[in-house]
Amino acid sequence: MVTADGVLREGRDRPAGPIAIRLALVGHGMRQVLVFRADVIVGTVSTVSRVVLVMLVWNAVYGARGTVSGVDREDAVGYAALGALFAVVFQPWHFSNLNSRVRDGNVVFDVMRPVGLLTQTLAAQIGSSLANVPKAAVGLALALLLGAIPGPSTWWQTAAFVLSACLGLVIAVQCNLIVGLTAFWTTDVGGAYIIYSMAAAFCSGSLIPLWFMPDGLAGALRALPFSAQIFTPLSIWFDRAPGWTVLGELALQVGWIAVLTVIARAVWSHALRRTVINGG
């Protein structure tokens, strides 16, 4: 709980530890999304509709053909359905409120809190992303009921997929954080968020698998962090003969997390110099 002096405490007297504080921030981000029941219901219906639509579209694209560009119909339809569910969680429209807090000046209070601004923003974004998991779970249940998503071949492939999905989520929220930090240079980042969302949806492979793109374009997109968000975990899931290359994919995701951490801290360092607190 939060006491009158603004300190988060466990029980009656003991101050909460750093892990409890961060979990509380994640919970706060989740509540901001789940507080509106109508929005949750509409979002769930939208997610289910999206899964059904992508299944119909990709079945229509294949027609009577069993394979296109070496990709089986089953894999293409399953990828499309699972990619749509990933996009709901990884690319939500509930971005952080960093933009509005910078514009109205309340960010100065965030800067002075014991928990750093980057941690606050990342925790809130992770919470808002996790709040979309129930919607995706409903869509996943429907896709499995319709037999649209085939299962992995081995248990360790499932474990690698789950780990890759978690790493992809971290990369997604890091990219979102970097875009949000541009609020320190602009009065509104709404346009930047829209451009980022469109670029992430295409470059991550959630709309069109990189399998169907020209080799040059697919190679260029694989060099960007967007593909590490969605295409990497999905390619692990649909890999019919997974091998040591899976470890390379996971290592690449970890590398992107390290790079984006450095970039975010560098951008924040420059942004902090632009923050002026009256009276100090």
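Residues are numbered from 1 along each chain as its sequence is written. In this predicted model, local features require pLDDT of at least 70 and side-chain atom pairs count only at pLDDT 80 or more, while totals for chains, interfaces and linings use all residues, and side-chain values rest on heavy atoms, with hydrogens and water left out.

The mean pLDDT of the protein is 80, and 88% of its residues reach 70 or more, where pLDDT denotes the predictor's confidence in each residue on a scale from 0 to 100. Over residues 1–7 the pLDDT stays under 50, and for this segment the model has 8 contacts beyond four places in sequence, a contact being defined by heavy atoms within 4.5 Å. Where pLDDT is low, the predicted coordinates should not be read in detail.

The protein has 12 helices and 4 strands, these being DSSP runs numbered from the N terminus, with H or I over at least four residues for helices and E over at least two for strands. Among contacts between residues at least 6 apart in sequence, 75% join residues at least 24 apart. Of the 280 residues in the protein, 44% are buried; here buried means under 20% relative accessible area, exposed means over 50%, and partly exposed lies in between, with a 1.4 Å probe and protein chains only. The protein exposes about 14,400 Å², of which carbon and sulfur atoms supply 68%, as computed by the Shrake-Rupley method with a 1.4 Å probe, only the protein chains shown counting as cover for residues.

The largest nonpolar core comprises 67 residues, and those with the most contacts inside it are L82, F86 and F184; such a core is a set of buried Ala, Val, Leu, Ile, Met, Phe, Trp, Tyr and Cys residues joined through side-chain atoms within 4.5 Å. Helix α8, spanning residues 155–180, gives the most to this core, with 12 residues. When neighbours within four places in sequence are left aside, L82 is in contact with L140, I149, F161, L234, W237 and F238. In soluble globular proteins, nonpolar side chains tend to be buried together.

A search of the whole structure finds 1 salt bridge, the criterion being a side-chain nitrogen of Lys or Arg within 4 Å of a carboxyl oxygen of Asp or Glu. E249 forms a salt bridge with R222, the closest N and O atoms being 2.7 Å apart. Because E249 lies in helix α12 and R222 in helix α10, the pair ties together parts that are 27 residues apart in sequence. E249 is buried at a relative accessible area of 18%, whereas R222 is partly exposed at 28%.

Helix α12 (residues 245–273) also holds Q253, which is buried with a relative accessible area of 0%. Beyond its neighbours within four places in sequence, Q253 is in contact with S164, L167, G168, I171, A228, T232 and P233. T232, in helix α11 (residues 231–237), is likewise classed as buried, at 2% relative accessibility; with neighbours within four places again left aside, T232 is in contact with S164, S227, E249 and Q253. The C-alpha atoms of T232 and A165, residues 67 apart in sequence, lie 8.2 Å apart in space.

Further pairs that are separated in sequence were examined at other sites. L122, in helix α6 (residues 117–130), is partly exposed with a relative accessible area of 25% and touches V173, Q174 and L177, not counting residues up to four places away in sequence. The C-alpha atoms of L122 and N176, 54 residues apart along the chain, are separated by 8.8 Å. L146, in the loop between α7 (133–145) and α8, counts as partly exposed at 49% relative accessibility, and its C-alpha atom is 10.0 Å from that of M55, 91 residues away in sequence. R103 lies in helix α4 (residues 98–104) and is exposed, with a relative accessible area of 52%; between R103 and T186, 83 residues apart along the chain, the C-alpha separation is 9.0 Å.
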